[in-house]
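This report covers the sheet, the helices packed on it and the salt bridges of one protein model. The sequence and structure come first.

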Amino acid sequence: MVHLRDKLLEVAVRVAAEAAELVESTRRSAVRDVATKSSATDPVTAGDRAAERLVRERLAELRPGEAVLGEEEGADGSGGDGVCWVVDPIDGTVNYLYGFPWYSVSVAVQLDGATVAGAVVEPSSGRQWSAALGQGATLDGVPLRASTTDRTELALLATGFGYRAERRTRQAEFVARLLGRVRDVRRTGSAALDLCMVAAGWVDGYVEHGLNRWDWAAGSLIAAEAGAVVSLPDSGELGGAIFAAAPGVADELRKVLLECGVADVL
Ligand code: LIP
């Protein structure tokens, strides 16, 4: 099984890196071809579409017959033996559109709904974040460890907001209650990279409502393999939010989030 995970990880890193190169090299033209999805502030560029198409074509070559779920083209293939690739071609599309250099290509492979390997590659810097189940997490091959913070009032948190104004308003009200209970908050615009930041100890925790599987499938494993405590949206534990935190602060932070109304935001 370990050999299979190594192989799946190698494919995830390879196709994510190839897509990241395409995304970066075509950005100037890609951001001139933009449509919107759930709202006027929810863009999809030609870069998103081309990157997902490339990942799908490469997975068909390298892992023929395995199912793929992607942000732009949806789900295809039954995926024999429960294998499914989960792809966010550009996580942080608004940042990509603006040229704010904090966006990523996220490629995960799941077995019966649980991530077993994943890669998050930054097109602008080329940094490669990756992990395989039970084998640790790395940034450009260097092992990652979550922070050692053990006091919620000193915890630096990442969060994010949805594309619909009424949801953003509720999320902002929740974060306003939270701000007085933690060190500070960062909002970077890419869920996958927020989870990688927890893995690197660049923030002590992350919480966000309303994400899709492709946003968190790879980053959640990277954070967990770096020693973070991770609670996935489908656990229903925190009102459908994803949560990741340094182990020394996770339990107390979870209580603070609940006191601030995390379960009532959606
Ligand atoms: C984004 C997430 C981010 C969230 C944004 C958006 P996209 O994904 O990565 O955390 O706050 O609203 O959902 O749309 O760029 O793939």
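Helices here are DSSP runs of H or I with at least four residues, and they are numbered from the N terminus. The model is a predicted one.

Helix α1 spans residues 2–25 and contains both Glu10 and Lys7. These two residues are three apart, about one turn of the helix, and they form a salt bridge. Glu10 also meets the side chain of Arg14 in a salt bridge. Arg14 and Glu10 are four residues apart in helix α1, so about one helical turn separates them.

How exposed are the residues of these pairs? Buried means under 20% relative accessible area and exposed means over 50%, with partly exposed in between. Glu10, at 32% relative accessibility, therefore counts as partly exposed. Lys7 is partly exposed at 34%, and Arg14 is partly exposed at 31%.

**Other salt bridges**

The whole structure has 21 salt bridges. One of them joins the side chains of Asp184 and Arg186. Asp184 has 29% relative accessibility and counts as partly exposed; Arg186, at 38%, also falls in the partly exposed class. A network of salt bridges links Glu52, Arg53, Arg56, Glu73 and Asp76.

| Salt bridge | N to O distance |
|---|---|
| Glu10 and Lys7 | 3.3 Å |
| Arg14 and Glu10 | 2.9 Å |
| Asp184 and Arg186 | 3.1 Å |

**The sheet**

An open sheet is formed by eight strands, with mixed pairing, in the order β4-β3-β5-β6-β7-β8-β9-β10. Strands β4 (74–76) and β10 (142–143) are at the edges; each has a single partner strand, so one side of each has no neighbour in the sheet. In general, the strands of a sheet pair through backbone hydrogen bonds, either parallel or antiparallel. Strand β9 (residues 137–139) and β10 run antiparallel and are joined by two bridges. Across this pairing, Thr138 stands opposite Pro143 in β10.

**Helices on the sheet**

Which strands does helix α7 touch? Helix α7 (residues 213–225) packs on the sheet and touches β3, β5, β6, β7 (114–121), β8 (128–132) and β9. The direction of helix α7 makes about 95° with that of β7.

Helix α3 (residues 46–62) lies across β3 (67–70), β4, β5 (83–91) and β6 (104–111). Helix α3 runs at about 155° to β5.

Notes
Residues numbered from 1 in each chain as written. Predicted model: local features only at pLDDT ≥ 70, side-chain atom pairs only at ≥ 80, totals over all residues. Heavy atoms only, no water. Pairing = 2+ DSSP bridges. Contact = heavy atoms within 4.5 Å. Axes fitted to C-alpha atoms, helices over the stretch in contact; angles between N-to-C directions. Salt bridge = Lys/Arg side-chain N within 4 Å of Asp/Glu carboxyl O. Buried < 20%, exposed > 50% of the residue type's maximum accessible area, 1.4 Å probe, protein only.
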